[in-house]
Amino acid sequence: MLVRDAMSTVVLTIGPAHTLRQAARLMSARRVGAAVVLDGDTGLGILTERDILNSIGRGEDPDRESAGSHTTHEVVFAAPGWTLQEAAEAMTRGGFRHLVVLDGLGPVGMVSVRDIIRCWLPAHSAAD
């Protein structure tokens with residue numbers, strides 16, 4: 001099975017000036033665990049629910065903290081044609097739970113550990 005078969009095509013894209021609270025509201029409303037942050041200066045990054053949680057855990061104000069200040073810019077991207085095994089291996093090596101899926105110049109999806117498990121479980125259950 002390929003990343004294109006498992007990925008969510010609902011890609012939340014925000015700007016670096018969004019506050020963490022705004023980002024959290026948008027992520028919650030769309031039921032996603034990560035947002036792509038598009039910054040004209042630094043390019044494409046990712047903000048995850050864990051980034052927001054860590055900020056709040058440090059006592060930072062989510063109404064004053066910007067998404068850009070908590071964005072990961074060293075992003076590992078997946079291609080739609082990757083296998084789910086390749087995606088899972090990249091996540092394991094990098095210690096993260098989301099991959100932005102790029103096709104051409106921009107993001108076309110997001111694949112998460114949950115997406116991979118959702119796809120693998122029926123296949124493994126049928127083999128038992």
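A: A contact here means heavy atoms within 4.5 Å, and the model to which this criterion is applied is a predicted one.

Q: Which residues is Ile116 in contact with, leaving aside its neighbours within four places in sequence?
A: By that criterion, Ile116 is in contact with Leu84, Ala87, Ala88, Met91 and Val111, once neighbours within four places in sequence are left aside.

Q: What makes up the largest nonpolar core, and which residues have the most contacts inside it?
A: A nonpolar core is a set of buried residues of the nonpolar kinds, joined through side-chain atoms within 4.5 Å; the largest such set has 14 residues, and those with the most contacts inside it are Val3, Leu84, Leu99, Val101, Val111 and Ile116. Two or more residues come from each of helix 1 (3–6), helix 4 (84–94), strand 5 (98–103) and helix 5 (113–127), with helix 4 giving the most, five residues.

Q: Why is Thr19 counted as buried?
A: Buried means under 20% relative accessible area, and Thr19, at 18% relative accessibility, therefore counts as buried. Thr19 lies in the loop between strand 1 and helix 2, where, not counting residues up to four places away in sequence, Thr19 touches Pro62, Asp63, Glu65, Ser66 and Ala67.

Q: Why are helix 2 and helix 3 called oblique to each other?
A: Helix 2 (residues 20–30) and helix 3 (residues 49–57) pack at an angle of about 140°, with their axes 11 Å apart. Only angles over 145 degrees count as roughly antiparallel, and 65 to 115 as roughly perpendicular, so helix 2 and helix 3 are oblique. Their crossing is left-handed, and the contact is made by Leu20, Ala23, Ala24 and Met27 of helix 2 and Glu49, Ile52 and Ser55 of helix 3.

Q: How do you know that strand 2 and strand 3 pair, and which way do they run?
A: Pairing requires at least two bridges between two strands, and six bridges join strand 2 (residues 34–39) to strand 3, the two running antiparallel; for Asp39, the bridge partner in strand 3 is Gly43.

Q: What makes strand 1 and strand 3 the edges of the sheet?
A: The open sheet of three strands has the order 1-2-3, with mixed pairing. Strand 1 (13–14) and strand 3 (43–48) each have a single partner strand, so one side of each is left without a neighbour in the sheet. Helix 2 lies across strand 1, strand 2 and strand 3, running at about 75° to strand 3.

Methods: Residues numbered from 1 in each chain as written. Predicted model: local features only at pLDDT ≥ 70, side-chain atom pairs only at ≥ 80, totals over all residues. Heavy atoms only, no water. Helix = DSSP H or I, 4+ residues; strand = E, 2+ residues; numbered from the N terminus. Axes fitted to C-alpha atoms, helices over the stretch in contact; angles between N-to-C directions. Buried < 20%, exposed > 50% of the residue type's maximum accessible area, 1.4 Å probe, protein only. Parallel < 35°, antiparallel > 145°, perpendicular 65-115°, else oblique. Left-handed = near helix turned anticlockwise from the far one by under 90°.
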